[in-house]
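Me: Here is a model I would like to go through with you, one question at a time.

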Amino acid sequence: MTFLARFRLATFVLMLLAIAAAVPVFAQKLGPDGAPNPTASVTGQRELLQQEPRITGRVDIPDIKSSVLIQPAGRTWDYFHQVLLRWGGGVVILGTVALLAIAYLILGKLPISAGRSGRKVVRFEAFERFAHWLTAASFVILGLTGLNITFGKALLLPLVGPDLFAAISQIAKYVHNFTSFAFVAGLLLITVIFFKDNLLEKVDMDWLKQGGGFIKNRHAPAGRFNFGEKLVFWLSIAAGIAVSVSGFLLLFPFYGTDILGMQLAQVVHAVVAILFVALILGHIYIGTVGMEGAFEAMGTGEVDLNWAKEHHDQWIAKKLASETRPSATAAE
Amino acid sequence: MLIRKSDRRRGSAKPVVADRPGGGLDRRTFLKRSGIAAGTLAALGELALNGVRKAEAGPPAPPGAPVSTRKNICTHCSVGCSVIAKVANGVWIGQEPDYDSPINRGSHCCKGAAVRDDVLSERRLRYPVKLVNGQWTRVSWETAINEIGDKLIEIRQKSGPDSVYWLGSAKFTNEAAYLNRKLAAFWGTNNSDHQARICHSTTVTGVANTWGYGAMTNSYNDIRNSRTILLMGGNPAEAHPVSLQHILEGKELNRANMIVVDPRMTRTAAHATEYVRVRPGTHIATIYGMLWHIFENGWEDKEFLSQRVYGVDEIRKRAAKWNPKEVERVTGLPEAQVKRIAELFAKEKPATLIWAMGQTQFTTGTANVRASCLLLLATGNVGRPGAGANIFRGHTNVQGATDLGLDVTTLPLYYGLAEEAWRHWCRVWEVDYDWMKSRFPTKQLMETPGIPSTRWFDATLLPKDQISQPNPVQAMFVMGHGVNTITRMPEAVRGIEKLELLVVCDPYPTAWSVISERKNGTYLLPACTSFEMDGSRTASNRSLQWGEKIVEPVFESKNDYDMMYMLAKKLGFADLMFKNIKVENGAVSAEDILREINRGGWSTGYCGQSPERLKAHMKNQHKFDLVTLRAPKDDPEVGGDYYGLPWPCWGTPEFRHPGTPILYNTNLPVKDGGGTFRARFGVERVVKRKVMENGQEVEREDHDNLLAEGSYSAGSDIKDGYPEFTLGVLKKLGWDKELTPQEMEIIQRVNSADPDKVSWSLDLSGGIQRVAIEHGCSPYGNAKARMIAWNLPDPIPVYREPIYTPRPDLVADYPTLPDAKQFRMPNIGFSVQKAAVDRAISQQFPLILSSGRLVEYEGGGEETRSNKWLAELKQYMYVEVNPADAAERGIKDGSWVWVTGAENSSRTRVKAMVTERVGKGVAWMPFHFAGFFQGADLRAKYPAGADPIVLGESVNTLTTYGYDPATGMQEPKATLCQIRVA
Amino acid sequence: MARMKFLCDADRCIDCNACVTACKNENEVPWGINRRRVVTINDGKPGERSVSMACMHCTDPPCAAVCPVNCIFPTEDGVVLHNKDQCIGCGYCFYACPFGAPQYPQVGNFGSRGKMDKCTYCAGGGGPEAPGSAAEFAKYGSNRFGEGKLPMCAEMCSTKSLLAGDGDIIAQIYGERVRKRGYGSGAWGWTTAYHEDVEV
């Protein structure tokens, strides 16, 4: 980022703050002798824009957004969308992919140290897997259709031509809009189902101290979810809420918000979505090529006992203990 | 150039240069259209519009259909903007700006730019309907006219012709207005009125009684010459938007003062150099306040006053009482401000005074406009370019309809109702005077002014003994007039319910059709708009413009002429009434009607504007000058004419008088449009004055000269004042020999007993006018303007509080006039005012309620609220409330409120607009809404599909009693109300 | 090459809305879509000014930049057109537009937007339809520009406040006016739209 670009970014942020805090300042001028002189009181746009970031007035049509006469912030938003988001987003996503590729090259697929035991334990029930895959599938759809809005015209348009691209984008828009409901449903389910097991515990400190097992090259202690997974969980919840709220604002334009609200919603939606995609890329990596035996947990719902012992020692210990008690029902 | 679409993306574009279209925009035209004279930007290059794509503009016509253009006049205000319509296959497919018109130069306001939907609107009444037990039922035209005619005849036989009220319209063409008045005359009543009653009736009376004619003295275009523009009681930015083109350009070019005196900070005031917020209804006090400073400082035009004005001494005395302290007590205006505007008006000349309803719609309306005239006279600002009383009339043809006698006090063209007037028009109509007299119950009723439209429901509801005619009104025959523009609507509703017959002819059903609980005896006849018929219209500046039919009347609608012909036929006098007017297959010739007007319109100079001349003007619009409105003298068709032949256009059409763009302008010869003040009130006035002689007070009889002294129009052979011309006067001057034998013969026929008495206005040959003008004289004489109009209730303006005033403390000093009987009706304004003060109404209703116009709508609003492009812009009825008043009542901008009125326990539910446009203590509402009544939605009561898009409460549900004694004008500009959250 | 612009002389604008209905009439714009509107600043107070606003046909138009499907583009006359066949109704052009110009018909579900509609400078559309054809008119409105005529809003302005045409010429006209009358509240939106102001 050049200095100028950085300066513009800073200005943009300041401006957003200023917009929120702006109070209309009214400059009334009087003619000679103090009589109201409408002509002498002429106020130009320059003064008005110094007082407020937007020039707003009264309109006759019952359309509140039409009362904004001039909002130079549109140009700033254009800059955000075309430059910051495109390059920033590109860097974040490609950077994540690159980091993961490097990780794979260095670490390879992390094996189950003790080898497969051949004994399977149930890690995720069907309903839990349904919730995960509902969210996951809708996330992928939303991600791809969403990325198309920002990157499609640079990447896809030259390949397929404008008419096909427009058709694709049109479908993508509707798919994006409708899939959002599935995503929100999945997000709610996940939140409810996994909420308790993701609460932070003392063991997470240990896991963290051991660097998740990467530093000392031995497996760190963990409950049903280790700290890394919890981090993904909480970040996903937060990001999910952020994209959902901002997304619905965008889906129902100008209901209860104004042009600034819409711009902010789009900024939040786009920025969080990019980071979210990066986060989930990491999640996918660990769950698939990054670690042996991990995918099965969400694939079939059953994991190898040794995998469980290595990665979730406390969970499996508890689980095995409860299974030995005959009176216990299959609680999970 | 535009890029061809197949190569439309940036970067990859291969521009393809299309053929250069014909009719590209050259720079000169472009500059002209932008309102700047060509040549001032000579350094600029050509406007390069080369290579644009060739295409037809506007909604494309169906393939193969030829597109024709027709020119008509916008029907929405008195400015008179030309509308160019594109027509294909009989369908109006688009509008184009008419840059040739010197009046609007292509411009429109939102109404003019949307008139196409007045015609095309889906909401129009499609066929005649009548109420049968509360249900609208379709009937044929023949059935409707038959049933209506039978009922009218029944009422006539039972109660006399005066029990039928003919309410006409300011949206009529001149020809239709004239025909409507003629219809009432043939029917036998003077109960024939139209919107001028509630618009400028007080102006007409007040101004005509001052200097001869009651019309705008100059023109919209002439305001370009003004150095001071004073607007008192007008908001042309909303009511006459295109006039602002002339006002603002004048203001800019001359760096003129533009002063707006108004209770509201209007869109007009936003462009003023000074805005003066005044209390509604205090106009006379303000004017006297200004005159006080003018006389005190000697700023008056002394030469003008001595030569051309009668009665200034009394005004001096009256003005002396209005010292700055008293003015401030009444109006609230500080001394310095009043002094400043008075000084500007008196010293930075020429100065013009512009007004509209803000002066006229008061119980003191006539006195208000008289006061304005006094200010103009005192400062010598009449009868010259850039000065004058620029009275902005409201409707497209309210000037013409007024001129053509749609009025309870006169026959067409201000002839009055005396026997002489009836005989004149009977001569023109070629009907027997005695037959005409037989149509009326008595000769006395024939010569008595009728009931003003403001009182029609009183004439229905009041007991018989209070109405000075044989019977109350039992039938209303309404053509193009809303009911919601008249005050006291709750009482009008009762009036409608009491009628035996209600007929409404209008393109839209109007509020008449829904506001009452009538179940039967109601007919709605679909009239077409003026865009669907030929005819002339008189703009506010007295220019006549001919509009040509754009499309055939849509659906089953009919034009006014044909409708009135059908009715006259049913009533049995069509042959007499249309004796000299061609009717082919029921289609009446508008041209013939105008020719008949020409043959009788001598008094006001409606005699020279033949249809052929008017059509030539429309064809040659581009030849007329923007400022003077004059065409070059050498033009073969319109040479030397002023645009639209502004009346008076003297003599026969062949005499080719150019029209009079500025009234009473002595700087021009009469034949070039000059003139003098009219000698309408005799040559002298006998006054008894008490004077001191030898220490004793004695009464002396003075003969005050009313003729001008040492002032005359350019080129006049008589270098002093003179009376109006008659054959006798011509003889005295020895000019009678210049009359042709034919002219002499016609004069003899007019009054064979005493031809010397035949005057310029009764002479059907036009000879007397011709000879007078050839000697440089005004046919109507050369007199002084009257500062004292001794025939009016208040000979010189007297300040009087509105009937419902927020200042009961001032009523003792400035009460309204005593109760009296006027226009066949009692006027109990004094009692009402006294009761309001005694009952402390102003404490229950502490806010002043004023009403006015919006730019999007017009009049009662049915037409414009049914226009989809206009209706979208104002979707709710509202009340403007000052933020301070709103805060006291907990009212938020955009919330619903109840506004309650001081009479009839009236109330309306409207939206609040909290705005500083109105001052504290003042509320303002637009008057164009109907369709809601006291909280009830009446949409279901309209004939199916003909309900206007936007409905709302009418402000006149809240307005109250109060009538100008001279004209019956209502008082909707100042009453009282209360507002609370709904 | 003429560069088309709009200029609203706020010292002439009286909020009469002629531009609004002229646009609706000429282009048969449906209810709820307002290609042009008049906004009044300081309503009811001294210093009140009304400004007529529509698409300003910006230099470097932000709407075109942010359009995810590249359906908006400026022509060489500086008129910003768009292709409704490609528009997906995402609403981004509205966020980027400094003048609130893009309009969307409400279609189907939620507050969902249909194809964007905006002022075309009365120059037809940016789609594949033949210029001046009924198909083009139905989608975009009239094509006066192709006839060598200017946008109807400016042509019918009641006080000649709204100027359209070659930017250099209308700037000259405006400058001339300001010099003549001695005041002016500036060429509204010009710095934002065209990165320049009118020199007086």
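Me: What percentage of the 982 residues of chain B count as buried?
Reply: This is a predicted model, in which local features need pLDDT of at least 70, side-chain atom pairs count only at pLDDT 80 or more, and totals for chains, interfaces and linings use all residues. Residues are numbered from 1 along each chain as its sequence is written, while chains are lettered from A and ligands numbered from 1 in the order in which they are written. A residue is buried if 20 or more other C-beta atoms, placed from the backbone, lie within 10 Å of its own, exposed if 12 or fewer, and partly exposed in between. Of the 982 residues in chain B, the share that counts as buried is 64%.

Me: What radius of gyration does chain B have?
Reply: The radius is taken over C-alpha atoms, and the globule rule is 2.2 Å times the number of residues to the power 0.38. Because chain B has 982 residues, a compact globule would come near 30 Å, and the chain agrees with this at 28 Å.

Me: What average pLDDT does chain B have?
Reply: pLDDT is the predictor's confidence in each residue, from 0 to 100. In chain B 94% of the residues score at least 70, and the average is 92.

Me: Which element gives the most to the side of chain C that touches chain A?
Reply: The contact (C-beta atoms, placed from the backbone, within 7 Å) takes 43 residues from chain C and 51 residues from chain A. Among the strands (DSSP runs of E, at least two residues, numbered from the N terminus) that give two or more residues to this side of chain C are β2 (37-41) and β3 (49-53). With 4 residues, the element that gives the most is β2(C).

Methods:
Two residues are in contact if their C-beta atoms, placed from the backbone, lie within 7 Å.
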